[in-house]
Amino acid sequence: MAEILKGKPVADAINAELTQKVAQLKSRGISPKLGIIRVGARPDDLFYEGGAKKNCAAIGMESEVFEYPEDIQQDALEKAVIEVGAKKDVHGILMFFPLPKHLDGKKIRDLIPVEKDVDCLTTAGAAKVFTDDPTGFPPCTPTACMEMLHHYNVPLKGKKCTIVGRSLVVGKPVAMLLLREHATVTICHSRTENLPDVCKEADILVAAVGRAKMVKSNFVKPGQIVIDVGINPDPDNPGKYCGDVDFPGVEPIVAKISPVPAGVGSVTTSVLCKQTLQACEMQTA
Ligand code: NDP
């Protein structure tokens, strides 16, 4: 039986620390605030927005949603993002992507001021992360993976970490964060040969593939630690979602495994708040 690495205790521990920090800032007359920019009303965006607002409220931090219609034109949205970015009382910005097809998402995201880019949406923000600049904020999901590993005292130095997935949102930044902690990192993708064997070599396996239950029992070995980042519609349970790991097949073999739901995904909004608070501290220092 593997140890189940649940996200809630990790989120609770982060939130307890943040609650104290918010109170300290407020006692100095500073009120940290997350700004959320949303175009349209996609259910996934609304779901994440709800979680972010709830987490902000739980730690005493303000949040404000800046909502725009789905048919907003490029010029108008550019102006709006610049305006939100310039607001002195907004310290961190979350914006939902992808944008509707008629908009140039790359141009829009780069209008977010880098010091408020708490989810690594901008090219300048990514540059900071990939050059180990401590003033940069990695995307919240990779940071949530690291929070999980730290909370559950998983040693990283010198360990073989294999990541399945090379996206800019998860795979690549989590590789950078693991390298910072002196892990030996392998990044796999759709062209990797002998994927199950490569995964089996790892001490720590991070699955960020976006394919339901793809990581099966032949990808893992006893003693491994498995972090499942995936959020996919569950093909076997309509209306539910599942991870990239075939949990029933893998769990009996490995030492520790994060579940889906209730794993990494439960930690991301706490990380978003943590990084907004750090941004606020830097902007008000
Ligand atoms: P992307 O689709 O952007 O990237 C998927 C990666 O997996 C790509 O690098 C792709 O390789 C690789 N891949 C796809 N199929 C295979 C395969 N058969 N074998 C090996 N590698 C493969 O996804 P994201 O990185 O955005 O997201 C990954 C997962 O994490 C998704 O399930 C997503 O829902 C979830 N997610 C969860 C979050 C959370 O808060 N928990 C937040 C963000 C994402 P290639 O580059 O060669 O195409």
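Arg109 sits over the face of Phe97, at 4.1 Å from the ring centre. A charge counts as over a ring if NZ of Lys or CZ of Arg is within 6 Å of the ring centre and within 35 degrees of the ring normal. What you're looking at is a predicted model, where local features need pLDDT of at least 70 and side-chain atom pairs count only at pLDDT 80 or more, while totals for chains, interfaces and linings use all residues. Residues are numbered from 1 along each chain as its sequence is written, and side-chain values use heavy atoms, with hydrogens and water left out.

**The aromatic pair**

- The count comes to 1 aromatic pair, going by Phe, Tyr and Trp rings (for Trp, the six-membered one) with centres within 6.5 Å; planes under 30 degrees apart are stacked, over 60 edge-to-face, and the rest tilted.
- Tyr48 and Phe96 have ring centres 6.3 Å apart and planes at 90°, so they pair edge-to-face.
- The pair ties together distant parts of the chain, 48 residues apart: Tyr48 is in helix α2 (residues 43-59), and Phe96 is in the loop between β4 (92-95) and α4 (105-109).
- Tyr48 is partly exposed, at 22% relative accessible area, whereas Phe96 is buried, at 8%.
- For those words, buried is under 20% relative accessible area, exposed is over 50%, and partly exposed is in between (1.4 Å probe, protein chains only).

**The chain as a whole**

- The protein chain has 10 helices and 11 strands, taken as DSSP runs numbered from the N terminus (helices are H or I, at least four residues; strands are E, at least two).
- A compact globule of 285 residues would have a radius of gyration near 19 Å, and the protein chain agrees, with 19 Å; the radius is taken over C-alpha atoms, and the globule rule is 2.2 Å times the number of residues to the power 0.38.
- Its C-alpha atoms fill a box of roughly 50 × 45 × 35 Å along the principal axes.
- Of the 285 residues, 49% count as buried.

- Strand β7 (residues 204-207) runs parallel to β8, joined by 4 bridges; strands pair if DSSP finds at least two bridges between them.
- Val206 has Ile227 in β8 as its bridge partner.
- Strand β11 (residues 256-257) also runs parallel to β8, with 2 bridges, and Ile257 in β11 is the bridge partner of Val226.
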